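Let's walk through a structure together, one piece at a time. Keep the 3D view open and find each part as it comes up.

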Amino acid sequence: MTRGSDGHTSAGMPDMAVRPASPADGQVLGALQRITDAALAYLPHDRLLDELIARVCEILEADTAALLLLDESRPLLRARAARGIEEEVERGVVVPLGEGFAGRVAAERRTIAIEDLADAELVNPLLREQGIRSLLGVPLLVEGRVLGVLHVGSLTPRRFTAAERDLLQLVADRAALAIEHASLAEQQRLAEALQRHLLPQDLHAVPGLEVATRYMPASRDRLGGDWYDAFEVAPGEIVVAVGDVVGHGLAAAAVMAQLRTALRAYAVEGHPEAEVVARVNRLMCELGPDATTTLVYTVIETQRQRLRVVNAGHPPPLVVDPEGEAAFLPLQGGIPLGTSPLASYRAAVHPFPTGSTVVLYTDGLVESRAEPLDRGLERLRATAPGAGGIETMCTRLVRRLVGEDRADDVALIAARVPPLANPLSTRWPTDRDVLADVRQVLRRWLRERSVGDDEAYDVVVACGEACANAIEHAYRPGQHSFEVHAVEQDGRIRIEVRDRGRWREARGVNRGRGLPMMRALMDAVVVEDAEDGTRVVLERDVSRPARAGSG
Amino acid sequence: MTELARVVEDRRGGILVAALDGEVDASNAADVGDRLRLALGNASTALVLDLSPTRYLDSAGISLVFRLAEELDARQQRLVIVVPAGAPIARTLQITGLGGAVAIHPDVEAAVAAAG
């Protein structure tokens, strides 16, 4: 609230109305009312600026007026509204901060008056071309930040009075508040829209994975740079990642958008995870210094039950094993993305048995003003295990770890590969694209039953043939799905594929190879073709690998 | 979403060596076939289809290989398949009798030599 050089205080509307701007004569009071007119608040942003400029010209009997706003990312002032010198806006006049008249007002954050321009240095030749002789400029300030500059000019030499200076500052305050409100509202609208689009909404669609997420920006009206994502990168391999872009606002959100796209693109191209991160790093370096980002990139291998992790300067992932033991993965040395194009990243591999949960988060979850980071991490480790699923876990973490005083955004994503039941019952849409997903689930189920790779392959192929047939012949109305049931008992696998169509061995496409393959790969194959559908039962004895110590 | 299978091409003179990386089933066999035919063109004398990186091949994929064998034969182009010894897909290929229709070699070099 404190203003720098001139010692005034700037605040909301009520404060301005009572400020002793000048001797209380009726003229000034009338002027004040015109500037603080509540009706102005209902004008759209641009029209409000035009209207304020017009009124200030009338009140101060000025020949020209201009309002310039500071660029969001560069030290430049851009003309936004003008009167008498409309070309300023039309020509898109830009004034570097610190240079010329407006540039000096902004840089020095103080009122500047020039009685005669004849020998003043001006960066904007427009002012002189227009024949302006005298200028009065004030900074637009909100909470000590410079938003821009408002100046008025006279075509005849003129000495502005203290009351006129105060009045112009009052208009500047009014404009600054309006701009700030408009920009906050715009940022909030953008923040919500961006975060809606940037943070994936449909993570539940990742097959074979439970995902829970939480996102809490530090303040409602500011864009955060925290981000998470989860997607399948190869059959049975699922990427779960969290990143934290340094800074806030639109710039951070833009970096976040690029990061998300780049990460997905490089990952789907099939690069190893360390290479994916290295490529994203080089891209971030090219985007400039605003693109510094910490990232933890994990790939869950659902079948091999491992977790591959690449860390770029991010807090360590937490893994809760199926027994409920929680431990942080060891920190790796990778530096944040966008720091150096030469940075190298390495993947570490950790066991991730089915039923484990990996928790990725941004530092807002574990950092608070009141405690050291170690305490926050320990609280996370102690709080994560507990009753209920991962949604309950996330709720618990947020309730116990995120304080009222948080200064930073919080992003949290927990992912768990649930153990598959025995017997297993699944239902699938009759769409060829689900064949790969059926195989994923079946492979994992077989691995969890300790079936060896070669035998598992045979069972998966046989089941795949039965499923493909169920899908190919899904021509009846209402026949949208088929079912796969699997049970293992005493070393015998029994799989049943049920659909509501008639069994037909494909002729044109597969040349009748499906059924002979099933018979060759399994011990027993039964096809029951009934009026209400087809049931294919596949059975095979599997030799379980010897357990340790049993020879 | 993810691509189930990729065709990685390598040319050795008139021979196209195409590695089938990934999984082939009823959802992508036709697409894989189109990509192979496009890569092969008329100028190639032979196709070496490298199934070493193929992690899954069902009857739709096997039928594709049979069909390619017929098509190439009709155009007097040779087809040679690479299947490493002990690969899971070797058993399914054996069941379908593909070895009777197409020459199968355990590695790319042997296959290229046979195709040349």
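B:I81 counts as buried because it has 22 C-beta neighbours inside 10 Å; a residue is called buried if 20 or more other C-beta atoms lie within 10 Å of its own, exposed if 12 or fewer, and partly exposed in between, with C-beta atoms placed from the backbone. You will find B:I81 in strand β5 (residues 78-82) of chain B. Helices (H or I, at least four residues) and strands (E, at least two) are DSSP runs, numbered from the N terminus. Which residues does B:I81 touch, once its neighbours within four places in sequence are left aside? They are B:L49, B:L51, B:V65, B:V102, B:A103 and B:I104, where a contact means that the C-beta atoms of two residues, placed from the backbone, lie within 7 Å. B:A69 is 12 residues from B:I81 in sequence, and their C-alpha atoms are 10.0 Å apart in space.

Before going on, here is how to read the model. This is a predicted model, in which local features need pLDDT of at least 70 and side-chain atom pairs count only at pLDDT 80 or more, while totals for chains, interfaces and linings use all residues. Residues are numbered from 1 along each chain as its sequence is written, and chains are lettered from A and ligands numbered from 1 in the order in which they are written.

Now step back to the whole of chain B. Its secondary structure comes to four helices and six strands, and from the N terminus on the elements run β-β-α-β-β-α-β-α-β-α. Of the 116 residues in chain B, 47% are buried. Among contacts in chain B between residues at least 6 apart in sequence, 68% join residues at least 24 apart.

Let's move to chain A. Its pLDDT, the predictor's confidence in each residue from 0 to 100, averages 83, and 85% of the residues score at least 70. Over residues 1-24 of chain A, pLDDT stays under 50, and the model has 37 contacts beyond four places in sequence for them. Residues 546-551 of chain A also have a pLDDT below 50, and this stretch has one contact in the model beyond near neighbours in sequence. Where pLDDT is low, the predicted coordinates should not be read in detail.

Next, look at strand β6 (residues 145-154) of chain A. Nine of its 10 residues are buried, so β6(A) is largely enclosed by the rest of the structure. Two strands pair if DSSP finds at least two bridges between them. Six bridges join β6(A) to strand β1 (residues 64-70) of chain A, and the two run antiparallel; here A:A65 stands opposite A:V152. Nine bridges join β6(A) to strand β5 (residues 134-142) of chain A, again antiparallel. In the hairpin of β5(A) and β6(A), two residues lie between the strands, and A:E143 takes a positive phi near 50°.

β8(A) and β9(A) have two residues between them, and A:G236 in the turn has a positive phi of about 80°. These two strands belong to an open sheet of five, in the order β8-β9-β10-β11-β14 (chain A), with antiparallel pairing. At the edges stand β8 and β14 (348-351) of chain A, each with a single partner strand, so one side of each is left without a neighbour in the sheet. Even so, seven of the nine residues of β8 (residues 226-234) of chain A are buried, so β8(A) is largely enclosed by the rest of the structure.

Finally, turn to helix α11 (residues 390-401) of chain A. Its 12 residues reach 16 Å from first C-alpha to last, close to the 16 Å expected at 1.5 Å a residue; the expected span is 1.5 Å times one less than the number of residues. Which residues of α11(A) are buried? They are A:I390, A:M393, A:C394, A:L397 and A:L401. They cover an arc of only 100° around the axis, which puts them on the same side of α11(A); the arc is that of the directions from the helix axis to the C-beta atoms. These buried residues pack against β7 (210-216), β15 (357-361), α10 (373-383) and β16 (410-416) of chain A. On the other side of α11(A), A:T392, A:R399 and A:R400 are exposed.
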